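Welcome, and please get your viewer ready. We will walk from one selection to the next and look at what is there.

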Amino acid sequence: MTTQASTQPPTTGTRTLVGIALAGIAVVIAAVMVAGCAVSSSAKVDTVGAVRFENRLAIPSLADSELDSEGRRVFTLTAEPGEREFRPGASTETFGFNGSYLGPTLRATRGEEVLVDFENGLDEATTVHWHGMHLPAAADGGPHQLVEPGESWTPSWEIDQPAATLWYHPHPHGETEEHVYRGLAGMFILDDAEEAELDLPREYGVDDVPVIVQDKRFADDGSLIEDERERLGILGDTLLVNGTYGPYLDVSTERVRLRLLNGSTARTYDFGFSDQRDFDLIATDGGLLERPAELDRIQLSPGERAEIVVTVEPRERVVLRSYPPDLDPGSDTSREDGGEDSFDVMQLRPAAQLEPSAAVPTELADVAELDPDDAAETRDFELRSRRINDEEMDMERIDEVVEVGTTEVWEVENGHGQPHTFHVHDVQFQVLDVDGEDPPPELSGWKDTIQVPPRTQVRVVMAFEDYADPSSPYMYHCHLLRHEDEGMMGQFVVVDPGEQAAESPAHGEPGHSHAEDHG
Ligand SMILES: [Cu+2]
């Protein structure tokens, strides 16, 4: 049994006793629950105060690239098996891109053509999907662009969207959770001229830092436990940040920009700091907000990103934490979903003397508001069990046909007693409302993944401006990866006006770049 119960003492003597008593009761209740449960423990996890920040945060290297004869920026990625000692003396078998765990950070600027030379060095088929990227469906790296072992795939596309923190990860149908959990993921940062003009922290790895947060369950021998799941998927009791166990970040500037990516397969985090300080939320999934939002918490479900800027004082120590997330506003029984779990994520260690940083700009970006009155179509999606609109994912069935050049409203309802999320490929959307209420600041900008709590409806609006292809579908799905693997996914194609969807979807052939055929 690897789950640890809450044992961290509060600050005063009386509260310590109460805390221990409560923790004891929690353990007993949890033990009783475990006795009748074949899956895994529902005991709450609390690592606050228990993490020794002994390891310097690893910063994923910036991927090398070169310009080819056609002026395209070419990256090389190889998925491969590896081994990593996350904790001293315990070696873990892993997957990684160009290394044993995670992958390099790809970086490109709006207007550039990129080409990724991807090779599958695993002994099983996989794909690489560009999460949050606007691009042709045949280059998307979804389940139809399966790459067999030893084969390669070379999608190319033009970067045509605002500066943002995106990421990449496998998307083979039925195997996505396993491939991501073992370590296949990396960040993809997009730049543009507007963002470059802002006085924001932007020195990669110094005051502009990727923070990829993932939870794991390790067996005593160091191996990853992959077969113990709660209903949402694997909920680990140990965090890694950029693959670093017990990380600290040396800070040399007054302000630091953290690009938070929830790279977990099932767990939702509610990030904040140990002293409850405010931070500026400057960007969400698809790019900058119009103006920064001062918050003290930002809740991210798997796949969601947030860029925050935090101000520090010389020599202080402050910890980035995850507080119990609110997974089901209508219920307090979310323990088995991780709704009572707390984590120390990473310690910030400002130097004795800090380089000055500019104040966060009060205006960040123009976010053109999409008008739901322009919608040519309104579609309803009901999330229930492991199905969307009562259908299980079928690779051969195209569920929705969208006409290029139109705006659509999608109404996504969770009609189920479990938390789900909703992710759309190809486009970034804007949130119109959540159960009829205006979206909070963290949902006011571009998004591609959104939490949809039980019995909640979210309405989003998006514009499908280009890339018509009747035979290459994009996906929409729950981004709890186990749910996705179990069929909580559907497919849509974007077609020219009056065009039909193809009878059956095109499958990318191994070793062949279908994407390039479409230019
Ligand atoms: Cu789900």
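Helices (H or I, at least four residues) and strands (E, at least two) are DSSP runs, numbered from the N terminus. With that in hand, select E294, which lies in strand β19, residues 287-295. This is a predicted model, in which local features need pLDDT of at least 70, side-chain atom pairs count only at pLDDT 80 or more, and totals for chains, interfaces and linings use all residues. Residues are numbered from 1 along each chain as its sequence is written, and side-chain values use heavy atoms, with hydrogens and water left out.

**Stop 1: around E294**

Is E294 buried or exposed? Its relative accessible area is 60%, so E294 counts as exposed (buried means under 20%, exposed over 50%, partly exposed in between, with a 1.4 Å probe and protein chains only). Then pick R277, 17 residues from E294 along the chain; the two C-alpha atoms are separated by 9.9 Å.

**Stop 2: the seven-stranded sheet**

Widen the view to the open sheet that holds β19, with the order β14-β13-β12-β16-β21-β18-β19 and mixed pairing. Its edge strands are β14 (244-245) and β19, each pairing on one side only. Two strands pair if DSSP finds at least two bridges between them. Next, highlight β12 (residues 208-216) and β13 (residues 238-241), which run antiparallel and are joined by four bridges. Within this pair, Q214 has L240 in β13 as its bridge partner.

**Stop 3: the five-stranded sheet**

Move on to another open sheet, with mixed pairing and the order β25-β24-β27-β31-β29. Here β25 (387-388) and β29 (430-434) stand at the edges with a single partner strand each, so one side of each has no neighbour in the sheet. Select β29 and β31 (residues 457-464): they run antiparallel, with four bridges between them. D433 is bridged to R459 in β31.

**Stop 4: the copper ion**

Which residues coordinate the copper ion? They are H420 (ND1), C478 (SG) and H483 (ND1), at 2.1 Å. Donors are N, O and S atoms within 2.8 Å of the metal (3.2 Å for Na, K and Ca); water is not among the atoms, so sites may look incomplete. In sequence, the donor residues are spaced H-x57-C-x4-H. H420 lies in strand β28 (residues 420-424) and C478 in the loop between β32 (474-477) and α4 (481-485), so the pair ties together parts that are 58 residues apart in sequence. H420 is buried, at 2% relative accessibility, and C478 is buried too, at 0%.
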